[in-house]
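I opened this notebook to record what I looked up in one structure. The entries follow the order in which I made them.

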Amino acid sequence: MEQLLISWVLALSLASFVLMGWDKRQARRDGWRVPERTLFLTALLGGSPGAVLGMFFFRHKTKHWYFRYGLPAILLAQAALLAWLIFFASKGR
């Protein structure tokens, strides 16, 4: 189960990172943009590490408060949930 969760987070983090880079590229070229809803959805589904890394690596969406504070908040909430699950899952073993 842990392996599946790790694979899920890695895959969605990679997708989130790539989407951030693609959206930044398209913004510079005045092309088709990735909807903000999609960027948040991939983060909410487990890709928040990649979304946060992509946001700062590509310097994209950092001026929007809802990305600047929202993505790290999602990451912290998911990390807290993971810590809680690990703590209580280990109690049952």
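**Aromatic pairs**

I began with Phe88, which counts as partly exposed at 44% relative accessibility; buried means under 20% relative accessible area, exposed over 50%, and partly exposed in between, with a 1.4 Å probe and protein chains only. Rings of Phe, Tyr and Trp (its six-membered ring) pair if their centres lie within 6.5 Å; planes under 30 degrees apart count as stacked, over 60 as edge-to-face and the rest as tilted. Phe87 is also partly exposed, with a relative accessible area of 43%.

I note that this is a predicted model, in which local features need pLDDT of at least 70 and side-chain atom pairs count only at pLDDT 80 or more, while totals for chains, interfaces and linings use all residues. Residues are numbered from 1 along each chain as its sequence is written, and side-chain values use heavy atoms, with hydrogens and water left out.

I then counted the aromatic pairs and found eight in the structure. In one of them, Trp84 and Phe88, the ring centres are 4.9 Å apart and the planes lie at 55°, so the pair is tilted. Both residues belong to helix H4, four residues apart, about one turn of the helix; helices (H or I, at least four residues) and strands (E, at least two) are DSSP runs, numbered from the N terminus. Trp84 is partly exposed at 47% relative accessible area. I also recorded one aromatic cluster, formed by Phe40, Trp65, Tyr66 and Phe67.

**Helix H2**

What separates the ends of H2? I read 17 Å between its end C-alpha atoms for 22 residues, short of the 32 Å that a straight helix would reach at 1.5 Å a residue; the expected span is 1.5 Å times one less than the number of residues. H2 bends by about 130° at Gly47, and Pro49 follows within four residues. The bend is the angle between axes fitted to the seven residues ending at a residue and the seven starting there. Among the buried residues of H2 are Phe40, Gly46, Gly47 and Gly50. Arg59, which follows H2, has a positive phi, near 50°.
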